[in-house]
Each structure stands twice: as structure tokens, then as C-alpha cells.
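Subject: Structure handover

Hello,

Here is the structure I said I would pass on. Please open it next to this message and follow along; my notes come after it.

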Amino acid sequence: MSLLLNASIESGDYSKSREFLQEMIDSHPKSPQTWLNAAALYLAQNLIPEMRCAISTALLHGRQNADILIHTSRLLIDADMKETAARVLRYGINHLSVETGLLRQLAETSEETSDYQTAQKAWRQYTQQAPDDPQGYLRAIKSLWALSRNAAAMELLSNAVDRFPGESEFPVLMGELQLAEGNPVSARQSFHEALNVDPENPSILKRVSKGLIEIGELMEARGLLERSLDLYPSSEEIRSMLAETLLLQNEPQQAYELLKDIDPENIHDASF
């Protein structure tokens with residue numbers, strides 16, 4: 001029945017949707033999923049007060065179910081009610097013992113609401129349950145940094161660098177954070193470590209080049225970008241970055257030769 005209801009909502013046949021929904025309510029009046037389906041129908045019709053009522057009923061019967069909390073928060077996000085969604089997720093993180101998969105979803109949905117306090121807490125719990133997944137560490141670090149908890153972010157990042165020596169994302173992120181903290185010498189060392197781990201990764205090459213330019217190491221950045229362009233000759237972003245480096249070195253003619261065939265929008269997007 002739930003599948004029929006969703007299909008009717010997608011098709012815009014709301015009269016049929018209401019019939020299916022009433023059958024579900026009559027059969028399962030205390031099912032939180034039934035009331036979330038009702039909330040989805042009301043949201044599709046922009047009936048926000050009715051949607052709120054349906055969500056409240058769903059939570060009354062299902063607030064101890066992490067999957068229900070996640071589904072609820074996504075409906076609230078769709079309704080542009082991110083603050084309410086964040087409160088629902090905080091309840092889940094603070095009161096439920098959540099298994100790894102749902103914990104990750106809670107963390108990701110918290111990021112969507114820009115509730116980085118809940119997100120970092122969820123990601124750090126996730127790293128305890130899934131200690132071999134580098135993404136949990138990475139997302140926790142970024143959430144901590146978004147909260148300006150720089151010392152905690154750097155401590156967790158240092159642990160991640162040691163734990164995942166084959167992951168170039170951690171040393172390059174370390175360099176970016178060190179640079180933001182005003183430590184260019186350490187940042188440069190971290191950038192070199194990232195290149196040693198993954199010398200041909202286009203994302204790492206671009207981020208390291210950008211960091212070197214911010215430090216003022218234009219010749220080193222130019223050499224790295226020239227090598228990157230040899231590896232990825234069709235990359236307009238790398239070409240644009242190299243051109244901007246040449247402009248910083250007062251070599252406009254060489255920059256022009258690199259830029260003349262690139263879409264201007266792509267040139268703008270690659271600007272430092």
C-alpha cells in the first residue's frame with residue numbers, strides 16, 4: 001500500500017493518494033511510517049499545518065526508531081524547516097543507541113541542516129563503530145573546523161594521518177588547516193607528504209598548487225601545475241590555474257596562450 005501511495009503522490013493523483021492513505025491509517029493507526037507517508041502527501045500539496053500534525057503523530061509512535069527520525073528530518077528539510085530537522089536529529093544522537101549505517105545517515109543529514117555540532121558528535125561516534133573508514137574521520141574533522149574548534153580538528157586530523165598513511169586527503173587537509181592557522185612552513189611539508197602519497201591525483205594536485213600559491217611558492221606551484229597539465233591536458237581548471245600563476249609571475253603572454261581557447265566561465269571558476 002505504501003508503494004501505491006508513493007506512486008500516486010508522484011503522479012499528482014492526490015484524490016487517489018488520500019484513499020490509499022486513509023486505508024493505511026485505518027489498518028495501522030499507530031504506525032509511524034503511515035504518518036510519515038501522510039506528511040509526504042501533505043507536503044506535496046503544500047499543506048504545511050497538516051504535515052506538521054502528521055509528523056508529530058509519527059514521532060509520538062516512533063521517536064525511538066532512528067530510521068523514523070532520519071525520514072522525518074528529510075521531510076522537514078524538503079519543507080525548508082531545517083532548524084526543526086536539526087532538533088529531531090539531535091534527539092536521535094543524544095538519546096538512541098544507533099547502528100553504524102543509521103549513525104552515518106544521521107551525521108550526513110545533520111550536515112545538510114548545517115548543524116555541525118550534532119554532525120561532529122555523530123561522526124566521532126561513527127569512527128568508534130567503524131574505525132577503519134577514513135570518511136568518518138574526514139567528515140568529523142571538517143565539522144569541527146566549521147565550528148572553529150581548530151585544536152580538536154587538528155588533533156583528530158593528526159590521528160587520522162597516522163592511522164591512514166595511504167590516504168592523501170589527510171595530509172593535504174592538514175596543510176590547508178596549517179595554512180589557515182598561519183603556519184606556512186608546516187603546511188608546505190604536509191603538502192609534500194600528500195604528493196608523496198598520491199602524486200597523480202588531480203584533486204590533490206590542484207589543492208596543493210593552490211596552497212603553494214597562497215604560501216608564495218610560485219615557481220614550485222608553476223612546476224607542479226605544468227606537470228599536472230601534462231598528466232591531464234584536457235583539464236581547463238588546471239590550465240586556468242597555471243595561467244593565473246603565470247600572471248602572478250608577470251608573464252601575461254604565456255597566460256593568454258593557455259587561456260584563449262577556454263570558456264570564460266571556466267576561467268572565472270578556477271580563479272584563486
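The protein has 17 helices and zero strands. Please keep in mind that the model is predicted.

Overall shape. The C-alpha trace spans about 75 × 40 × 25 Å along its principal axes. For a compact globule of 272 residues, the radius of gyration would be near 19 Å, but this protein has 25 Å. Of its 272 residues, 45% count as buried. The accessible surface comes to about 13,900 Å², and carbon and sulfur atoms hold 48% of that. Among contacts with a separation of 6 or more, 51% are between residues 24 or more positions apart.

In soluble globular proteins, nonpolar side chains tend to be buried together. Here the largest nonpolar core has 54 residues, and those touching the most other members are Met 51, Ile 55, Leu 76, Val 98, Ile 141, Leu 157 and Phe 170. Helix 5 (residues 66-78) gives the largest share of this core, seven residues. Another core lies apart from it and has 23 residues, among them Val 172, Leu 179, Ile 204 and Ala 221.

Helix 7. After helix 7 comes Ser 114, which has a positive phi, near 60 degrees.

Glu 111 is found in helix 7, and with a relative accessible area of 19% it is buried, because the cut-off is under 20%. Leaving aside neighbours within four places in sequence, Glu 111 is in contact with Tyr 116, Ala 119, Trp 123, Arg 139 and Ser 143.

Salt bridges. Side chains of opposite charge can pair when their charged atoms come close. A search of the whole structure finds 13 salt bridges. In one of them, the side chains of Asp 133 and Arg 104 meet at 3.1 Å, N to O. Asp 133 lies in the loop between helix 8 and helix 9 and Arg 104 in helix 7, so this pair ties together parts that are 29 residues apart in sequence. Asp 133 counts as buried at 18% relative accessibility, while Arg 104 counts as partly exposed at 23%. Arg 104, Glu 108 and Asp 133 are linked in a network of salt bridges.

Glu 237 forms another salt bridge, with Lys 206, and their closest N and O atoms are 3.0 Å apart. Glu 237 is in helix 15 (residues 236-248) and Lys 206 in helix 13 (residues 202-215), so the pair ties together parts 31 residues apart in sequence. Glu 237 counts as partly exposed, at 37% relative accessibility.

The side chains of Arg 222 and Glu 251 also meet in a salt bridge (2.8 Å, N to O). Arg 222 is in helix 14 (residues 218-231) and Glu 251 in the loop between helix 15 and helix 16 (252-259), 29 residues apart. Arg 222 counts as buried at 14% relative accessibility, and Glu 251 is partly exposed at 22%.

Regards

Technical notes:
Residues numbered from 1 in each chain as written. Predicted model: local features only at pLDDT ≥ 70, side-chain atom pairs only at ≥ 80, totals over all residues. Heavy atoms only, no water. Core = buried A, V, L, I, M, F, W, Y, C linked by side-chain atoms within 4.5 Å. Buried < 20%, exposed > 50% of the residue type's maximum accessible area, 1.4 Å probe, protein only. Helix = DSSP H or I, 4+ residues; strand = E, 2+ residues; numbered from the N terminus. Rg over C-alpha atoms; globule rule 2.2 N^0.38 Å. Contact = heavy atoms within 4.5 Å. Areas by Shrake-Rupley, 256 points an atom, 1.4 Å probe, with all protein chains shown as cover. Salt bridge = Lys/Arg side-chain N within 4 Å of Asp/Glu carboxyl O.
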